[in-house]
Amino acid sequence: MKKLNKIVSFLTLGVMLLSCGQKNESTYENNELSVDKRVENLLSKMTLEEKIGQMNQYNGFWNVTGPSPIQGDAAKKYKDLRKGYVGSMLNVRGVDEVRAIQKIAVEETRLGIPLIIGFDVIHGYETMSPIPLAEAASWDLEAIKKSAEMAALEASSVGINWTFAPMVDISRDARWGRVMEGAGEDTYLGSKIAIARVKGFQGDDLSKHNTIVACAKHFAGYGFAESGRDYNTVDVGTSTLNNVIFPPFQASIEAGVRTFMNSFNELNGVPATGNKFLQRTVLKEKWGFDGFVVSDWGSISEMISHGHAKDNKDAANIAVNAGSDMDMESYAYVDHLATLVSEGKVDAKLIDDAARRILKVKFELGLFEDPYKYCDNKREQEVLGSKPVLDAALDMAVKSIVLLKNEKNILPLKKQGQKIAVIGALANDKTSPLGSWRIAAKDSTAVSVLEGLSEYEGNNVVYAKGADVSLGTPDFITEVKINETDKSEFDAAKKAAKNADVVVMVLGEHGFQSGEGRSRTEIGLPGVQQELLEEVYKVNKNIVLVLNNGRPLTLGWADAHIPSILECWQLGTQSGHAIAKVLYGDYNPSGKLPMSFPRHVGQLPLYYNYKNTGRPTLPGKDVVFWSHYQDEKNEALYPFGHGLSYTRFTYENLKVELQGNEVSVKIDVKNVGDVHGKEVVQLYLRDMVASVTRPVRELKGFEMIELETGEEKTIQFRLTAKELGFYNNEGSFVVEPGMFKVFLGGSSKTVIETSFEIKE
Ligand code: BGC
């Protein structure tokens, strides 16, 4: 009997152990199981309301990056958090804040599911890199990747694990203020940059404590807002959608992006947030995206104003059916989805699908192993503003500068014995260079141009403001007030200029003049700055114009009169150091424009890869019937890809060879100037005859090279189906046989061309 008891107790123990093991093995807590299995297990334990909770994202209580929703009271948010009805928060800042909010989710809710913490880490967190458009001007994919890596390093050190970047919207309209946040007008360059940014943010392993989830936004068409007015209607054809707008999003998926954000605009009559074609048919079915889609701020509710939903409940119904997985600040899902399911209007499977996608990303981040892994005060101290971050920001900043013009060779400046007058309020501004998306950067933390120049001591530098750009203290939320009248300091500026060997005028837009909600109809120098430039020019023509701006500007007068023009955008924390280095030739400028600079705002939208039309050229003297303006040229002032150097490069010996299904293109590039320099060798293609007309030229390859004086290199490109083909209007990617032209050079106004034929 005793023996039997022993056997029984052994058996019981065995069963206990077994069931224990089974329990561990089959629950979401077991990190040896696959992510998919863990997600399914967790889903099986969740109520409908908890699943919907995962689909709900609230803004934090301290910062707002959009209009505050009327119901947005903190008490409701806390209540919902405690019930497990919140899956994510945005704009919660700092280790302590994130820890406190995470603690509620983890310790006070039934299942303890951690939150994913989102933030607009667009070009840096506290240490700012150049605005994304400026970074794109570097064409340096490694530096751009590094910049995103550093942004992730800082953000992840303060509790953030998800950024709403990169913005991969292509835009051809400089009136649109958000061009500062993208990579410019070109799909090929934009796709490469999208990949670099996604990889930079996410690294190769999301569960590391210094990588964060990226978000390709805004899906789709946001950059094509009519008249460049933010949030405006978008109406584009199939070919533009497939060939221009979609590819950077597809590239982001190839790079492994885990989230998408939809957009505020309607696309061909249906708001993107409620657009099933975009989110289900294209993104999730055709492209097989298995991450999740977050709405833009309040964009589910905004479908009411669009005239697409009758109330918030209707909006929730439309959005969830269309494939928007997470609701940012509309309160539509948390308030209405459960009822919609019980009424049979929303299939519960859609809720499972959305919650599954969101939970999957949380598991990938490793949040279930350690929800506080990003909350480490020591790391925060070590990382913010640390040397590697500052060094990368400087490296990125020098590479983003574009030399637009340098006629009298005023640049680079001599380092000794010069009298230099520095003019312009922006020369002494330590905030504006931080840009517009700089929620966590502290005011007055950028190095100003004056500070940067002061490190070169061989010259005598005098400063005169000349005029303010803006009035008061511009901020993220309100309209910037421009100084349109006060010229009281013009005379002092002219006096300083008169006595100088060289005048450095730092003019342009305030950092808050571009960005979201900041469209302009006039894109010249704001306020009285143009007049200041012309007045100073009257007393000294030796001017270097240093531009600070977040979009292409119209610079006709400056181009006609000013010998040297340097495009310096908003370069971030290290702005002044970078500008001084380039002015003095310690860095030879290598940037190339990622967007065309128009001659006149009336040319917009303007882009280098336009279509030929049926009437591209002047048919005869004084005949008007061709595609042109009466009062302005068709071409850009500074075209896409343009950018000079302190040296010069020649392009010779273009050779094309068909090798099986590929085309090999070779070109010899030589540095024929006096200094070492970098050049972005650009390859453009034109498919001469196609079933859907192709642009007059399209960028299909580029390579950055470095050449010593007199050095020559042969550069080879390989063109495959990917470069030769396009999407037809049935949505198929095709390479059509026939003649192609290939163009090589240092800008989209290329210097050398030849042709080849792709046979049937
Ligand atoms: C912007 C998004 C941004 C979001 C959250 C919206 O207004 O359009 O790009 O990520 O706010 O701040």
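Two strands count as paired if DSSP finds at least two bridges between them, and strands themselves are DSSP runs (E, at least two residues), just as helices are runs of H or I with at least four residues, both numbered from the N terminus. The model is a predicted one, so to speak of local features takes a pLDDT of at least 70 and side-chain atom pairs count only at pLDDT 80 or more, while totals for chains, interfaces and linings use all residues. Residues are numbered from 1 along each chain as its sequence is written, and side-chain values use heavy atoms, with hydrogens and water left out.

Zooming out first, the protein has 23 helices and 27 strands. Its C-alpha trace spans about 110 × 65 × 55 Å along the principal axes. For 760 residues, a compact globule would have a radius of gyration near 27 Å, and the protein's 28 Å agrees with that (the radius is taken over C-alpha atoms, and the globule rule is 2.2 Å times the number of residues to the power 0.38). Of the 760 residues, 61% are buried; buried means under 20% relative accessible area, exposed means over 50%, and partly exposed lies in between, with a 1.4 Å probe and protein chains only. Take the contacts between residues at least 6 apart in sequence: 78% of them join residues at least 24 apart, a contact being heavy atoms within 4.5 Å.

Back to the strands. β19 and β20 belong to an open sheet of three, in the order β19-β20-β23, with antiparallel pairing. At the edges sit β19 (649–659) and β23 (712–719), each pairing on one side only. In general, strands of a sheet pair through backbone hydrogen bonds, either parallel or antiparallel. As one example of the bridging here, V656 has V665 in β20 as its bridge partner.

Which strand holds N653? N653 lies in β19, and at 42% relative accessibility it counts as partly exposed. Leaving aside residues up to four places away in sequence, N653 touches K666, I667, D668 and I752. With K666, the separation is 13 residues in sequence and 7.7 Å in space, C-alpha to C-alpha. With D668, the side chain of N653 makes a polar contact of 2.9 Å. Such a contact is a pair of N or O atoms within 3.5 Å; within protein, one must be able to donate a hydrogen and the other to accept it, and residues adjacent in sequence count only if both atoms are side-chain atoms.
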